[in-house]
Every structure is written in C-alpha cells, then in structure tokens.
Amino acid sequence: MTTRITHFVGGQTWPEASGRTAPVYDPATGVAGKVVDLASRGDVDVAVSVAVKAFKEWREVSLTKRIQILFSFRELLNTRKEELAAIITAEHGKVLSDALGEITRGQEVVEFACGLGHLLKGGFSEQVSGGVDVHSVRQPLGVVGIISPFNFPAMVPMWFFPIALAAGNTVILKPSEKDPSAANFIAGLLKEAGLPDGVFNVVHGDKEAVDALLEHPDVKSISFVGSTPIAQYIYETGTKNKKRVQALGGAKNHMLVLPDADLDLAADQAINAGFGSAGERCMAISVVLAVDPIGDELVKKIAEKMPQLRVGDGRRGCDMGPLVTGAHRDKVKGYVEAGVASGATLVIDGRNPVVDGESGGFWLGPTLFDHVKTDMSIYTDEIFGPVLSVVRVNSYEEGVALINAHEYGNGTAIFTNDGGAARRFQNEIEVGMIGINVPIPVPVAYYSFGGWKSSLFGDSHAHGTEGVHFFTRGKVITSRWLDPSHGGINLGFPTQN
Ligand code: NAD
C-alpha cells in the first residue's frame, strides 16, 4: 500500500489538497512506497492565511513562554531522535549514524534559540538631548518562508525555524519533495511541545508552491537552501517581490594539502569528507589540491584506504548509503564517464560497487580521480556525489589561486603543520567557511553558516547573530516625557543638546 504524505497546516495534517503528487523513494531499495502531495497556489494561500492569523497571537506570547516551548521541543528531540533518524534514512538513504549527526547539529540551533532573550535585547541611551531618551527594539517580521533541500531534511530547516519562532514569527516550511516526512515529524514534535496551531506549518510541493510563496505579499522573508541556479532565481524573485531573502547555493569545496602535512591524517579526512553521506553534503570535500611533491604519496594513501568503505543500506551499519534518486545517481555516474573521457586518471572506479543492500537501490561506490585538470567538468561543476578529484599543484600560491578563481566559495580546508601558512590561508582565501586541519568546517550554532560568491545570494548567513538579525527588524524609539519646561516653538532640525 502506498503511504500518502500531506501538508501540516494549522496544527493538523491536511488531506484535502490539490491532487498533484510525487513519488517518494526508499533509495536503498529503489521502491517508491510513498507519495507526497504537491501544493497548488491555492493550497499555499490557505496555509499563509492560517500563519497570518497565528502571528497576531504568537507575537504577543511572552518571550519566556516562546522559549519554554522551544526548550520542550529540544527535550522531545532528545528522546525521539532515533525515530527521526530512521525517517531520514528511509527517504534520503544516508546511514543512520549520519542522520543522527544532522539532528544533533540542528538541535544546536534550537539550544542557541533557547538563549535568544539575550540577543533580542535592544539598546537604551538616556538623556541624549534635554529630557530625551532613545531605545531600540527588534521585532518579528510576520510569516516567514523556509525552502529546504533534500540533503539535510532535519538540520537545514533547524538552521532557521528555531530562531524565527523564538523571535515571534510564524513559519511556512516547504521541504524537499524527495524526503518530505522529516518535516511532518518535526511539526508533530513542535505541537507536542506546546506550540500553538498555525505557528509552524509544512507545505509540500515543487516549483508551483515555491513560486506561490515567493509572490505572496504576506510572506515577509524567504530562507532558501539548494542548488545555485535555483538560489539565484529565489533571490531575484523574492527581492523583486519586496522580501528579505537569504539564498544559500551550491558548492565545490577544495582541500589544500601542503607538503608538511600529516599525510595519513589528510588521507583519512579526504575520505571522510569526500564520501560521507555519499558526497551529498554542501560542505563535502570534492577536490584535493596536492602540493608538489606529495601528490603520488597522498593519492596512494587515499586509494589504499578507500576499499575499507562498506557501501550499502544505511540501516545495516554500512559506511556509505545510496544516492537519493535513480536520476541523481545516473547524473553523478555521467560525471564519472565525462572524467574518464576527458583524460583524468580513474584510480578507483565506483560504478559497479559491491553493495550490502537490495539490487534496486540507487548505488554508486566511492570514486577517485587523479591528475584532474581545471577545465574538466568533474572540476568545474558541483557533482554532489561520491566523486573525489585530485588536482596536482606546484605551490601554495597556485592552490590558493585556484580556490579563489572557482565559482563557488562555500567551504575549504588547509592541511598543514605550519601555523604561519594556515594563518596566511585564512586571510587570503575567498571562501566563507575555512577549516584548518578540519575538513568539514560547519560553524557551531552561535556563529553563522554561509558561503561566498555563487554559494550564497543575499547578505545574511544562517543562524548565529546573523540569523537573529534576519528574522527580526529594528525599530528605534526616541521619547520625551514632557514637563512644562519643554514648551515653545522651534522649527530647527533636532540636534543633541
Ligand atoms: P534543489 O535546488 O534542487 O532544491 C532545493 C529546493 O528548491 C527544494 O525544496 C525544491 O523543491 C525547490 N526547487 C527545485 N527546483 C525548483 C525550481 N525550479 N523552482 C523553485 N523551487 C525549486 O537542491 P537539492 O537537490 O534539493 O539539494 C542539493 C543542493 O543544495 C546542492 O546544490 C547543495 O550544494 C545545496 N546545498 C547547499 C547548502 C548550503 O548551505 N550552501 C546546504 C545544503 C545543500
């Protein structure tokens, strides 16, 4: 029997939706045992009107109470995270331990939002002019839209909604239609934690739902995470419709390995960051820049370790699961074929992997290319799969120049034991998130997450203080409580005296 996943609006599932649906696969079996509803413009209108109504009350709920609800949500997440991880693995394919990891990283933002009282404090200046005081406050925007990608169905929504809710906004989340169930599970936990109905809503869908959110006058902001072409479209359309927009896009993350680095450590980290979650992470390492003369030795170490990786069903304790859909697997496979055709050296071929899983799953094994050139598509494009390319460079300077010339600027890492080189790297590199002997430098929740160049459109990164700023708008109040001494007419511009 096919399970139907529908919207969650006004505190309940909402089966009377438009009728269009999309299949949802278990990537480890290839079976589409579920369908998800795809919202029409009319469905989105209903959800937004529910969220508008809920906003009027939610913004009046005290900050203390709002945060207490988030704290209860955090506690529920702690006790139910295994269930959520199983849901993620069943639709995304990532291994269970990795699914638990994304929940933990998302939960950090919930914990950060539990301290939002401190960050929402405004300023106060007494007696800026005779009898005049000035203070500032930050207020919620209203209904905010979150549009998330398939690769982190729990963590990416949690980058945004805990802060949005604590600040007094109401939320419409449009998750990826490829793995939609995590969003509904989270909505259920928020309700159980005491969140009033209509404050957090999930609308499933595709471009039609996204366009309806982008154009709806009552949706005040859009937080988008996904591929670069869509991120650019979201930014341009959202801002044209007078919305505040943060649109995080794709990536091509380089790891620069200097000759003085510990090569065993670098090889391990290249494998972990290249093939974890089957390379379907926006902070995955997809290019290793090996600085002369360590190329041969580093490639040998990576190649020797890669066969240890067990590919298979994420529920069976394997290291790496399948890709999210058959179409995506075929696209990634196409890049492997293009790499071979363009003359890169295929050191390990993942096209026919040994798998601990069903034959219908969307499998592709870890793949390693050496002697990759910068005009090859395996170097220029975001592949978003388990394909690692090694590019040989002659010097630190050549490596930095390549990273800075690349279209994307999400994350990067340097591996070295030279503190001076690392310090120079962090200063010179044109990328948003830098790791020094750390391959996937996803910032903790109280810092902000975001890339540069084509990896982010808009000027606000996710969570941390930038997230608080994004989900609130400032107001400055100048006040004077009159006494008789303030009488008199003066048409001059107010100055501070
Ligand atoms: P995607 O761009 O295909 O989809 C993202 C969201 O946009 C989904 O909700 C989808 O339904 C919607 N969407 C898809 N096509 C659309 C269209 N034509 N018009 C309007 N909306 C549309 O991305 P994905 O495949 O789900 O996720 C992988 C991508 O996300 C990769 O490029 C990855 O680098 C990126 N990503 C970036 C970050 C980051 O922080 N920069 C984090 C995670 C993922």
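A polar contact here is a pair of N or O atoms within 3.5 Å; within protein, one must be able to donate a hydrogen and the other to accept it, and residues adjacent in sequence count only if both atoms are side-chain atoms. The side chains of Lys191 and Asp197 pair up this way, at 3.0 Å. The model is predicted, so to speak for local features a pLDDT of at least 70 is needed, side-chain atom pairs count only at pLDDT 80 or more, and totals for chains, interfaces and linings use all residues. Numbering runs from 1 along each chain as its sequence is written, and side-chain values use heavy atoms, with hydrogens and water left out.

Lys191 sits in helix H6 (residues 181–192); helices are DSSP runs of H or I, at least four residues, and strands are E runs of at least two, numbered from the N terminus. With a relative accessible area of 38%, Lys191 is partly exposed (buried is under 20%, exposed over 50%, partly exposed in between; 1.4 Å probe, protein chains only).

Asn410, in the loop between strands E20 (408–409) and E21 (411–415), is buried at 3%. Contacts (heavy atoms within 4.5 Å) of Asn410 include Cys282, Met433 and Phe449.

Phe449 also turns up in the largest nonpolar core, of 64 residues, as one of those touching the most other members, along with Trp159. Such a core is a set of buried Ala, Val, Leu, Ile, Met, Phe, Trp, Tyr and Cys residues joined through side-chain atoms within 4.5 Å. Helix H5 (residues 155–166) gives the most to this core, 10 residues. Trp159 is in contact with Phe449 and His463, among others.

How values were computed: Lists of a residue's contacts leave out its neighbours within four places in sequence.
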